[in-house]
Amino acid sequence: MVQDTKALRLNDLSFYGERTYYDFMVEQGMDSADAIMTSERGVIVDKNTDKKVHRLEGPSGEVFFLKCFGEKRLTCKLKRVFQQKLSSHGRIEVRNLRYLNSEGFETAELLFWAKTGGDMIDGGHSFVALKELEGYKELGHLSRDEWSRGWLGATSVFFSLLDKSIYWPDSHLKHFFITFDDSSVKVALIDLHGMRPGTRLTAGRLEKMVRRFFKLSSEADRDKAAGMLEESIRDRSLRKSVLKLIKGRTALPFSEKRSELV
Ligand SMILES: Nc1ncnc2c1ncn2[C@@H]1O[C@H](COP(=O)(O)OP(=O)(O)OP(=O)(O)O)[C@@H](O)[C@H]1O
Ligand SMILES: [Mg+2]
């Protein structure tokens, strides 16, 4: 995992990572915040006003995803002041990756990251490069045969997040990546810039996370999850709230469409 001790200067960017990636970015013409923001290198897998994600082939042929955050609009600046304690999205994503790893969760591997300026209201841009999770599949893309084991593994990880009071509004199936070996299921998490560890899980936050994770689950999937609560969540009242959300009278309008996706 890349440490932040020595930043390299890349025009207006502080670059944290190995020299080979620094040189690679220069070769690609991605050598300043604006150059990266306007670059169309590789495949752009996601793009909106404030963010884009490239899929790129790195210096040794390894595939990685480069998340590019712009936080220049007024709404971004306000969010930065009032919700992010001035940290850029890139810095938060990196901090969350390290935190999750230290707590024993799997994530994609951080290759390098970069940001403009200091952590100030003006913000600017930040960039995070994550190695592709090779041999993994999104939870929602598992085959029928794989689903049952994958679902149990992912549910166990999802409950661990709740147990540790980690608020993650992006707890969608597409952010749980699954791989199998003979004896175990590995679950890696991606898209972590919205995650806030150590936040009180209010009823609203809990409902948001549960609703997203269980969105495409069947009744049988929810029964299995309910059966795992006891061993996964220590706090009794939290357990009760989760059970109520997934099974009780206030059950959410879950869709049965997951099988159509597979
Ligand atoms: N390390 C990785 N391995 C495999 N796929 C990845 C990886 N990182 C990102 N992706 C793919 O790129 C997509 C976008 O990445 P990510 O979800 O982190 O960015 P985002 O722009 O914040 O997404 P959102 O639009 O959900 O906010 C993911 O849904 C996933 O398909
Ligand atoms: Mg995403």
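Start by selecting helix α6 (residues 203-213) and helix α8 (residues 236-246) in this predicted model: they pack at about 50°, axes 10 Å apart. That makes α6 oblique to α8 (angles under 35 degrees are roughly parallel, over 145 roughly antiparallel, 65 to 115 roughly perpendicular, the rest oblique). Axes are lines fitted to C-alpha atoms over the stretch in contact, with angles from 0 to 180 degrees between N-to-C directions; helices are DSSP runs of H or I, at least four residues, numbered from the N terminus.

Now show side chains. Leu206, Glu207 and Val210 of α6 meet Leu238, Ser241, Val242, Leu245 and Ile246 of α8, where contact means heavy atoms within 4.5 Å.

Next, pick α5 (residues 144-163) and α7 (residues 219-232), which pack at about 45° with axes 10 Å apart. That makes α5 oblique to α7. Look for Trp147, Trp151 and Phe159 among the α5 residues in this contact, and Met228 and Leu229 among those of α7.

Last stop: ligand 1. Which residues are closest to ligand 1? Of the 17 that surround it, pick Asp46, Lys51, Lys67, Lys131 and Asp191 (a residue counts if one of its heavy atoms lies within 4 Å). An oxygen atom of the ligand sits 2.9 Å from a side-chain N or O atom of Lys67, and an oxygen atom is also 2.9 Å from a side-chain N or O atom of Asp191. For Lys131, go to the backbone: an N or O atom there is 2.9 Å from a ligand nitrogen.

Housekeeping: residues count from 1 along each chain as written, with chains lettered from A and ligands numbered from 1 in written order. Local features need pLDDT of at least 70, side-chain atom pairs 80 or more, while totals for chains, interfaces and linings use all residues, and side-chain values use heavy atoms, without hydrogens or water.

Technical notes
Helices (H or I, at least four residues) and strands (E, at least two) are DSSP runs, numbered from the N terminus. A polar contact is a pair of N or O atoms within 3.5 Å; within protein, one must be able to donate a hydrogen and the other to accept it, and residues adjacent in sequence count only if both atoms are side-chain atoms.
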